[in-house]
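Please have the sequence and the model open while reading. The paragraphs below go from single residues to helix packing.

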Amino acid sequence: MRILLDSKQYSAYTKNVNKLPLKTRSSILKMLSEGQSMRTTARLADVSYNTAAKLLVDAGQVCADLHDELVQGVTASLIQCNEVWSFTYAKQKNVPTAKDAPEEAGDAWTWTALDSDSKLIVAWLVGGRDGEYAIAFMDDLCARLANRVQLTTDGHRAYLEAVEDTCGGNVDYAQLITLYGGPTGQKGHERKYSPSKCTGPRKQRIEGKPDRRHISTSHVERQNLAMRMHERRFIRLTNTLSRKFENHMHMVALYTIWYNFIRIHKCLRVTPAMEAGLSKSIWEMEDLVRIVDERAPKPGPRCPTRIEP
């Protein structure tokens, strides 16, 4: 039996057939945010891998736009910055010998800036760890702040020029440099996965008048641990890596909105966005899916097509 549909009927038909129920799409995004891999999520939700991947792309694009729109004019006093290492397709040392490696293959560093009081992720950036990315990251961070803050970073030298070029004299800036010593009593491969012994931190004032009592990166490092535990793409010694750099960024964008607006912080008892005054209520994942639907591109006109059921 052949049915001839016009363009409007065909658009309505494909929209109803291809779109998953709201509850199913919410469950997929929840599982991705809670640390499940793409294939595990697809099996649990009883959908294809491509369907889960397409939903991640759509949600990631919307989440990046939401972060740019909603996280603005942040009033904070203490900002901590750090970087999280991961990789896409292959580790940097294996890229030259990797088969069909894309141009973006290799190390992928996620820069994060955290409000120490509200635990809000104010800014994030995925890319390299050089000075160019440091300047772009700090420029984005300073544009989102509404007042002068005390800024603390680790000892990465790229921050020095980046903070001076973007924030100028509008911050009280200090670095927390952690000193390490080699592990004792271990040789060869035993040292490979053993943490180095921390011999102590060194607080260094760079600019302004930072309060030495608040020179710390503990909160942002704890957030980095949460990111590693909730996003399997960041877990070390695993095969759940990102094959595409774009999908890696989409996952970070989804995680940021989930962390800021949906997940209730255990210590705050509210979401970081509520604590920072950016939201009046706790979001549900269904709310995010509805926003994705509202911002989805409308299907254009199509020629009449024959469909065989």
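I135 is partly exposed, with a relative accessible area of 29%; buried means under 20% relative accessible area, exposed over 50% and partly exposed in between, with a 1.4 Å probe and protein chains only. This is a predicted model, in which local features need pLDDT of at least 70 and side-chain atom pairs count only at pLDDT 80 or more, while totals for chains, interfaces and linings use all residues. Residues are numbered from 1 along each chain as its sequence is written, and side-chain values use heavy atoms, with hydrogens and water left out.

I135 belongs to helix α5 (residues 131–144). Helices (H or I, at least four residues) and strands (E, at least two) are DSSP runs, numbered from the N terminus. Neighbours within four places in sequence aside, I135 is in contact with A162, D165 and T166, where contact means heavy atoms within 4.5 Å. V163 is 28 residues from I135 in sequence, and the two are 7.3 Å apart in space, C-alpha to C-alpha.

V163 is one of the buried residues of helix α6 (residues 158–166), together with A158, Y159 and A162. Seen down the axis of α6, these buried residues fall within an arc of 115 degrees, so they line one face of the helix; the arc is that of the directions from the helix axis to the C-beta atoms. An α-helix has 3.6 residues a turn, so residues three or four places apart point the same way. After α6 comes G168, with a positive phi near 60 degrees.

Y89, in the loop between β2 (78–88) and β3 (106–115), has a phi near 70 degrees and is partly exposed at 28% relative accessibility. K119, in the loop between β3 and β4 (121–127), has a phi near 65 degrees and is buried, with a relative accessible area of 16%.

The next topic is helix packing. Two packed helices are described by the angle between their axes and the distance between the axes. Axes are lines fitted to C-alpha atoms, for helices over the stretch in contact, and angles run from 0 to 180 degrees between N-to-C directions. Helix α2 (residues 22–33) packs with helix α10 (residues 285–295) at an angle of about 115 degrees, their axes 9 Å apart. The two are therefore roughly perpendicular to each other, a term for angles of 65 to 115 degrees. On the α2 side L22, R25, S26, L29, K30 and S33 take part, and they meet M285, E286, V289, R290 and D293 in α10. By class, this contact has four nonpolar, two polar and five charged residues.

The axes of α2 and helix α8 (residues 245–262) come within 10 Å and cross at roughly 95 degrees, which makes α2 roughly perpendicular to α8. L29, L32 and S33 of α2 and M251, L254 and W258 of α8 make the contact. Its residues divide into five nonpolar, one polar and no charged. Ala, Val, Leu, Ile, Met, Phe, Trp, Tyr, Cys and Pro count as nonpolar, Asp, Glu, Lys and Arg as charged, and the others, Gly among them, as polar.

In α10 the buried residues are M285, L288, V289, I291 and V292. They cover an arc of only 160 degrees around the axis, which puts them on the same side of α10. These buried residues pack against α2, α4 (49–70) and α8.

How values were computed: Angles under 35 degrees count as roughly parallel, over 145 as roughly antiparallel, 65 to 115 as roughly perpendicular and the rest as oblique.
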